[in-house]
Amino acid sequence: MRDRQTDGEAELLGRVAAADRRAFECLYRAYFPRLTRFLHRMTRSVPLIEELVNDTMLVVWQKAGSYDGSCKVSTWVFAIAYRKACKALHGLDEPLESIEEAREGDASWQPDWQFEQLSLGHAVDAALAALPLEQRAAFQLSFYHDMAYAEIADIMECPVNTVKTRLFHARRRLAVLLGRQLEGRT
């Protein structure tokens, strides 16, 4: 059974296909934060994120009429973003910015509990960054975007069992990586 959000997004996309700019603006505002989080965790490259979001939404604007309703609008949009990010990452010839470099210079004082939360978040980010791209993308679509295996399979253009395998290996690898990082802090 389809929910209201899914129906509303499909209706918006239909209006986008008819060149309704207001509908596109609504869709853009709805997807910008979600795509930004997804692409940040996938690419680890701050300079790429906005470009990839804009490239993704440009394809949405241009190809809205080709959406056939065989999947959720979110699955269709995330699939476009995933392919754009893969293509961009394969074309990079420079190292991606690390979390440490991004957070250097923030010397503000933090209470112990806040520091621990930040430290744990850093450990999770570092562990995720160490995963292979396919495992990292599958994990974040499942965990951060609460997508079902079938949706992830559509986005990544692979069988559902491949998604399950990628998630299995991602969880195993994350447990090892986080265990090492957390042991090193004590």
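**View 1. Aromatic pairs in the predicted model.** The structure holds 8 aromatic pairs, where rings of Phe, Tyr and Trp (its six-membered ring) pair if their centres lie within 6.5 Å. The rings of F143 and Y144 have centres 5.0 Å apart and planes at 85°, so this pair is edge-to-face; planes over 60 degrees apart count as edge-to-face, under 30 as stacked and the rest as tilted. F143 counts as exposed at 55% relative accessibility, while Y144, with a relative accessible area of 28%, is partly exposed. Exposed means over 50% relative accessible area, buried under 20% and partly exposed in between, with a 1.4 Å probe and protein chains only. One aromatic cluster is formed by F24, Y28, F32 and W61. This is a predicted model in which local features need pLDDT of at least 70, side-chain atom pairs count only at pLDDT 80 or more, and totals for chains, interfaces and linings use all residues. Residues are numbered from 1 along each chain as its sequence is written, and side-chain values use heavy atoms, with hydrogens and water left out.

**View 2. Packing of helices α2 and α3.** Helix α2 (residues 21-43) packs on helix α3 (residues 46-63) at an angle of about 140°, and their axes are 9 Å apart. Helices are DSSP runs (H or I, at least four residues), numbered from the N terminus. Axes are lines fitted to C-alpha atoms over the stretch in contact, and angles run from 0 to 180 degrees between N-to-C directions. The two helices α2 and α3 are therefore oblique to each other; oblique is what remains after under 35 degrees (roughly parallel), over 145 (roughly antiparallel) and 65 to 115 (roughly perpendicular). Among the α2 residues that meet α3 are F24, Y28 and F32, and the α3 residues include L52, M57 and W61; contact means heavy atoms within 4.5 Å.

**View 3. Helix α7.** Of the 11 residues in helix α7 (residues 133-143), 8 are buried, and the helix is mostly covered. The buried residues include L133, R136, F139 and L141.

**View 4. Two residues with positive phi.** Most residues other than glycine have a negative phi. D146 has a phi near 50°, a positive value in a residue other than glycine. D146 lies in the loop between α7 and α8 (149-156) and is exposed, with a relative accessible area of 68%. E157, also not a glycine, has a positive phi of about 55°. E157 is placed in the loop between α8 and α9 (160-185) and is exposed at a relative accessible area of 57%.
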